[in-house]
Amino acid sequence: MANRDFRRLSKPWLILGLFLAGWWLIPTVVKSFVQTSFYEFQAPLWSVYSKAKDLQKYWALRNHSKKALIESSRDLSRLNASYELALSQNTVLKEELEHLETLLTFPKIPEHAITFARISRRDLSSWSHFATIQKGSADGITEGAAVIYRKGVIGRVKKVYTHNAIIELASSPTFRVAARFIGDRRPITFQGMSNAAFTTPSGRAYNIPTDVKLSSEKPLKLVSSKLGGVFPDGLPIGTATTLEPGTDGLFKSAHVELPNDLHSIQEVAVLLPLSR
Amino acid sequence: MPFDLRWIIILFGNCLLLFLVAMVNDALAPLSIYLYINGLIVLVPLIYLSLSKGLLCVLITGIYSDAILLLPFGTSPVIFAVVFTAYYWFRQEFKTHYSPGHNLLYAVSGNAFLLAITSITLNEGSLSHFSYWSSILLNFLFSQIVLSLITPWFISLQGSLVELASPKTTKYDANGQS
């Protein structure tokens with residue numbers, strides 16, 4: 001009787017042990033295949049969800065008055081005019097840069113092809129922050145590519161599927177990038193950080209030289225550094241507001257505030273390196 | 001012997017719940033709030049399925065959870081299987097019965113355990129950061145409140161679907177017998 005009770009009570013644990021042993025023995029290639037299959041199986045649902053959100057937004061905009069639409073169109077045309085002016089200045093600067101590179105035999109700055117994509121879904125847990133875009137390997141997206149938007153760095157492509165790609169956001173605790181302060185060429189490290197509810201996305205900057213001074217009244221802008229090899233030099237990341245002594249006493253660390261709209265962006269640009 | 005559809009129906013219900021929760025999390029992203037209610041996913045197979053079919057159901061749900069939540073592959077199946085087995089053993093050892101109060105207690109405690117294990121496993125060096133734990137605590141409190149509200153509804157929904165598919169369905173008692 002006691003033996004029967006013991007067998008009955010230990011049966012669940014025995015089965016669990018067998019399962020865990022079997023799971024450990026399954027080849028990695030099988031696990032990878034199953035993981036990709038499950039992801040690709042549910043991926044079209046997110047495209048449908050994203051299209052449904054866009055349709056909802058379209059019908060909401062249709063209810064706006066003509067006056068509101070005309071005013072919005074007027075504001076956009078002013079913005080377009082300033083962008084066109086910036087573009088023409090950019091072309092002139094680019095030609096000047098190429099001329100100087102040739103004259104002084106400098107190594108050329110890496111160029112990128114830009115592909116725009118729409119975010120279909122965001123997943124912002126405490127341990128990682130990801131966004132899914134509606135383009136994948138079929139559109140030329142590669143793993144590790146830089147992802148930016150109008151205010152600077154968004155993140156990096158973490159994983160690529162056929163028609164989707166997963167971006168690791170700059171606010172993710174798993175995101176690290178080489179950075180620097182504006183006006184200072186010395187490299188530092190930026191890492192994302194979990195933020196509490198209703199607060200702005202944030203991160204931390206490490207390995208800051210001890211002579212750097214900043215405060216909440218005089219913050220410093222953090223930009224990307226070309227030393228990382230992923231992001232072009234000078235792209236805005238965030239603003240460092242408070243400085244703290246580092247644990248090793250050699251360097252300092254700083255709290256960095258990221259743009260408020262990082263978690264609500266709809267359109268992003270993926271930078272694909274061009275080989276020269 | 002007719003094919004038992006119950007575990008497939010419960011699996012479908014769990015996957016649908018995961019998908020809906022992911023949609024809610026997408027909508028809550030601008031507020032930096034995250035909903036985590038995986039405790040409910042482990043509870044429903046415990047009520048309506050045998051040990052083997054329940055374990056199979058939570059395994060496949062765990063694989064789908066890893067795919068939809070973008071977790072390292074294998075995280076959810078292992079954790080779900082451990083919690084399911086622990087609950088199954090507890091039910092056998094202490095001969096507990098199904099009541100709304102017991103179901104809610106199972107769901108809430110299982111959810112807390114799953115969230116704690118996942119947070120510790122996937123911390124990526126953030127264990128010593130106050131911001132990490134404050135974020136988890138706020139998400140935990142929000143998730144438990146939502147879980148308390150939807151647990152009776154979801155269990156009732158799954159029960160109705162299972163009864164439609166198999167009218168002679170009964171719940172498994174503490175000895176694992178129907």
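Helices (H or I, at least four residues) and strands (E, at least two) are DSSP runs, numbered from the N terminus.

What you have open is a predicted model, where local features need pLDDT of at least 70, side-chain atom pairs count only at pLDDT 80 or more, and totals for chains, interfaces and linings use all residues. Residues are numbered from 1 along each chain as its sequence is written, while chains are lettered from A and ligands numbered from 1 in the order in which they are written.

**Stop 1: chain B as a whole**

Color chain B by secondary structure. You'll find six helices and zero strands, in the order α-α-α-α-α-α along the sequence. Of its 178 residues, 43% are buried (buried: 20 or more other C-beta atoms, placed from the backbone, within 10 Å of a residue's own; exposed: 12 or fewer; partly exposed: in between).

**Stop 2: helices 1 and 2 of chain B**

Select residues 6-28 (helix 1) and 39-48 (helix 2) of chain B: they pack at an angle of about 165 degrees, with axes 10 Å apart. Helix 1 and helix 2 of chain B are therefore roughly antiparallel (that label takes angles over 145 degrees; under 35 is roughly parallel, 65 to 115 roughly perpendicular and the rest oblique).

Now show the residues in contact, meaning that their C-beta atoms, placed from the backbone, lie within 7 Å. Helix 1 of chain B brings B:Arg6, B:Ile10, B:Gly13, B:Asn14 and B:Leu17, and helix 2 of chain B brings B:Leu40, B:Ile41, B:Val44, B:Pro45 and B:Tyr48. By class, that makes seven nonpolar, two polar and one charged (Ala, Val, Leu, Ile, Met, Phe, Trp, Tyr, Cys and Pro count as nonpolar, Asp, Glu, Lys and Arg as charged, the others, Gly among them, as polar).

**Stop 3: helices 4 and 5 of chain B**

Next, pick residues 75-94 (helix 4) and 100-121 (helix 5) of chain B, whose axes come within 11 Å and cross at roughly 145 degrees. From helix 4 of chain B, B:Thr75, B:Ile79, B:Val83 and B:Tyr87 meet a set in helix 5 of chain B that includes B:Tyr106, B:Gly110 and B:Phe113. This contact has seven nonpolar, four polar and no charged residues.

**Stop 4: B:Ser148**

Zoom in on B:Ser148, in helix 6 of chain B. Leaving out residues up to four places away in sequence, B:Ser148 touches B:Leu104 and B:Val108.

**Stop 5: where the chains meet**

Show both chains. Here 43 residues of chain B are in contact with 38 residues of chain A. Helix 1, helix 3 (51-69), helix 4 and helix 6 (130-165) of chain B each supply at least two residues of chain B's side. That side has 26 nonpolar, 13 polar and four charged residues.

**Stop 6: strand 7 of chain A**

Finish with residues 188-193 of chain A, strand 7: five of its six residues are buried, so it is largely enclosed by the rest of the structure. Strand 7 of chain A pairs in the antiparallel sense with strand 6 (residues 176-181) of chain A over four bridges, and with strand 8 (residues 202-208) of chain A over five bridges (pairing takes at least two DSSP bridges). Click A:Gln191 in strand 7 of chain A: A:Arg176 stands opposite, and in strand 8 of chain A its bridge partner is A:Arg204.

Methods:
Axes are lines fitted to C-alpha atoms, for helices over the stretch in contact, and angles run from 0 to 180 degrees between N-to-C directions. Two residues are in contact if their C-beta atoms, placed from the backbone, lie within 7 Å.
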